[in-house]
Amino acid sequence: MSAADELVVTVDRARCVGTGLCAATAPGDLTLGADGRALARHRTAALSAELAEAAEMCPVEAIAVLRPATGEQVAPAY
Ligand code: SF4
């Protein structure tokens with residue numbers, strides 16, 4: 001994965017309501033912390049269908065997948 005392809009996954013933990021949907025959909029990228037709210041597993045990630053779906057399906061729009069090289073938001077798409 002080149003630096004240009006590197007993505008950052010952010011979770012707004014104040015907004016997360018702990019449904020676990022994201023961790024079930026993209027378990028390689030997202031997990032639930034001890035407080036029951038989602039956490040990104042790694043500092044950076046590669047885009048996968050599962051990760052994009054997890055960002056899209058969060059009911060409170062707490063997840064964002066960003067391309068730091070350009071500032072582009074990759075998922076969810078608006
Ligand atoms: S889908 Fe959204 S609300 Fe549910 S655990 Fe993940 S970040 Fe939290």
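**View A. Pairing of strand 1 and strand 4.** Strand 1 (8-11) and strand 4 (63-67) pair in the antiparallel sense over four bridges; two strands count as paired if DSSP finds at least two bridges between them. Helices (H or I, at least four residues) and strands (E, at least two) are DSSP runs, numbered from the N terminus. Valine 8 stands opposite leucine 66 in strand 4, and the bridge partner of valine 11 in strand 4 is isoleucine 63. The model is a predicted one, in which local features need pLDDT of at least 70 and side-chain atom pairs count only at pLDDT 80 or more, while totals for chains, interfaces and linings use all residues. Residue numbers start from 1 along each chain as its sequence is written.

**View B. Strand 4 and strand 5 with their hairpin.** These two strands pair in the antiparallel sense over three bridges. Arginine 67 stands opposite glutamate 72 in strand 5. The hairpin has four residues between the strands, and glycine 71 takes a positive phi near 80° there.

**View E. The buried face of helix 2.** In helix 2 (residues 49-57), the buried residues are Leu51, Ala54 and Ala55 (buried: 20 or more other C-beta atoms, placed from the backbone, within 10 Å of the residue's own). Down the helix axis they fall within an arc of 95°, so they line one face of the helix; the arc is that of the directions from the axis to the C-beta atoms. Their cover includes helix 1 (21-25) and strand 2 (30-32), along with strands 1, 4 and 5 (contact: C-beta atoms, placed from the backbone, within 7 Å).

**View F. The shell around the ligand.** The ligand is surrounded by 15 residues, the closest being Cys16, Thr19, Cys22, Ala38 and Cys58 (near: C-beta atom, placed from the backbone, within 6 Å).

Note on methods. Buried ≥ 20, exposed ≤ 12 C-beta atoms within 10 Å, placed from the backbone. Contact = placed C-beta atoms within 7 Å.
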